[in-house]
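Q: I want to learn how to read a structural model like this one. Can you take me through it feature by feature?

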Amino acid sequence: MALKTRTGLMAALLIGMSTALPLPAAALDDAQKEEFGAFIREYLMANPEIVEEMQQALEIKKEAESRVMAQAAISSNRDAIFNAPEDIVLGNPDGDVTVVEFYDYNCGFCKRAMNDMISLLDKDSNIRFVLKEFPILGPDSLAAHRVAMSFRALAPEKYGEYHMQLLGADVRATEEYAIETAKSFGIDEAELRAGMDDPAIDQSIRQTYELANALGISGTPSFVIGDEAVFGAVGDDVLREKIANMRQCESTIC
């Protein structure tokens, strides 16, 4: 393909892009389309860093879109996120900053994040930490969460310790294991099993799924702090910085 032809085709493409108008397919015949595609491939093969730059730009765009979506969802669902009566609060119930965690008992990263939570609560007595039961890793997780939610209704004062023991265990959380762990806290098995059938459990789980969908949360752990949804086990340093920003300017980003 002659350099002049290539240059002309590239110029036409750039002009179309710069004026926000797509280059009409009819502007190129089949041979030109084939040659133009080969030219683009040749250029990208010689400059592969462009693909990486495009991927980075796409990720930045997606993160920005997710942030906007989460902010709107937080604004519309503030009470359900931060003040749902069925959720357990650890730390200071009257703390000046609330951290909400969506977690699954069989999530390995949630186990790591539990240590971050413990560190935060140990070092800061003014954090309100809300736990959102979010079983997404299969039937075992759903069953274990049902047990935990029944436990919560029967002995809310013991739930924080039970939660950390169940999440911190180096075994898969199943219904049987969750029940045996609950029994070690003095909970009656018959009462526990009966509570697992409470329709309020299904309603609570459904509401959490709906909130997660609105917030763009598809994995665990995920957090909500102030006006931001935070995805993944980002570490206590990141969470601590966002908490500090909330106190400074009432936003996670000052």
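A: Lys 183 and Glu 180 both belong to helix α8, residues 175-183. They sit three residues apart, about one turn of the helix. Keep in mind that this is a predicted model.

Q: What do Lys 183 and Glu 180 form, and how far apart are the closest N and O atoms?
A: A salt bridge needs a side-chain nitrogen of Lys or Arg within 4 Å of a carboxyl oxygen of Asp or Glu. Here the closest N and O atoms are 3.3 Å apart, so Lys 183 and Glu 180 form a salt bridge.

Q: Which residues are linked with Glu 180 and Lys 183 in a network of salt bridges?
A: Look past the single pair. Glu 175, Glu 189 and Arg 193 are linked with Glu 180 and Lys 183 in a salt-bridge network. The structure holds 12 salt bridges.

Q: Where do Asp 236 and Arg 240 lie?
A: Both are in helix α11, residues 236-249. They are four residues apart, about one turn of the helix. Asp 236 counts as buried because its relative accessibility is 15%. Arg 240 is at 26%, so it counts as partly exposed.

Q: Which parts does the salt bridge between Lys 132 and Asp 87 tie together?
A: Locate each partner first. Lys 132 forms a salt bridge with Asp 87, with 2.7 Å between the closest N and O atoms. Lys 132 lies in strand β3 (residues 127-133), and Asp 87 lies in the loop between α4 (78-82) and β1 (88-91), so the pair ties together parts that are 45 residues apart in sequence. Both Lys 132 and Asp 87 are buried. For Lys 132, the relative accessibility is 1%.

Q: What else is Lys 132 in contact with?
A: Set aside neighbours within four places in sequence. Lys 132 then contacts several residues, including Ala 80, Ile 81, Val 100, Phe 102, Thr 208 and Leu 211. For the protein chain, take contacts with a separation of 6 or more: residues 24 or more positions apart account for 73% of them.

Q: Which residues make a nonpolar surface patch?
A: Ile 136, Leu 137, Leu 142 and Tyr 209 make a patch of about 290 Å². Leu 142 lies in helix α6, residues 139-154. Its relative accessible area is 30%, so Leu 142 is partly exposed.

Q: What does the protein chain come to in secondary structure and burial?
A: Count elements, then areas. The chain has 11 helices and five strands. Of its 254 residues, 39% count as buried. It exposes about 13,900 Å², and carbon and sulfur atoms supply 54% of that.

Q: Where does pLDDT stay under 50?
A: Check confidence before reading detail. The mean pLDDT of the chain is 88, and 89% of its residues reach 70 or more. Over residues 1-23, pLDDT stays under 50. The model has 14 contacts for that stretch beyond four places in sequence. Where pLDDT is low, predicted coordinates should not be read in detail.

Methods
Residues are numbered from 1 along each chain as its sequence is written. This is a predicted model: local features need pLDDT of at least 70, side-chain atom pairs count only at pLDDT 80 or more; totals for chains, interfaces and linings use all residues. Side-chain values use heavy atoms; hydrogens and water are left out. Patches are made of residues with over 30% relative accessible area and no salt bridge: like charges are joined within 9 Å, nonpolar side chains (Val, Leu, Ile, Met, Phe, Trp, Tyr) within 5 Å. Accessible areas come from the Shrake-Rupley method with a 1.4 Å probe; for residues, only the protein chains shown count as cover. Helices (H or I, at least four residues) and strands (E, at least two) are DSSP runs, numbered from the N terminus. Buried means under 20% relative accessible area, exposed over 50%, partly exposed in between (1.4 Å probe, protein chains only). Contact means heavy atoms within 4.5 Å. pLDDT is the predictor's confidence in each residue, from 0 to 100.
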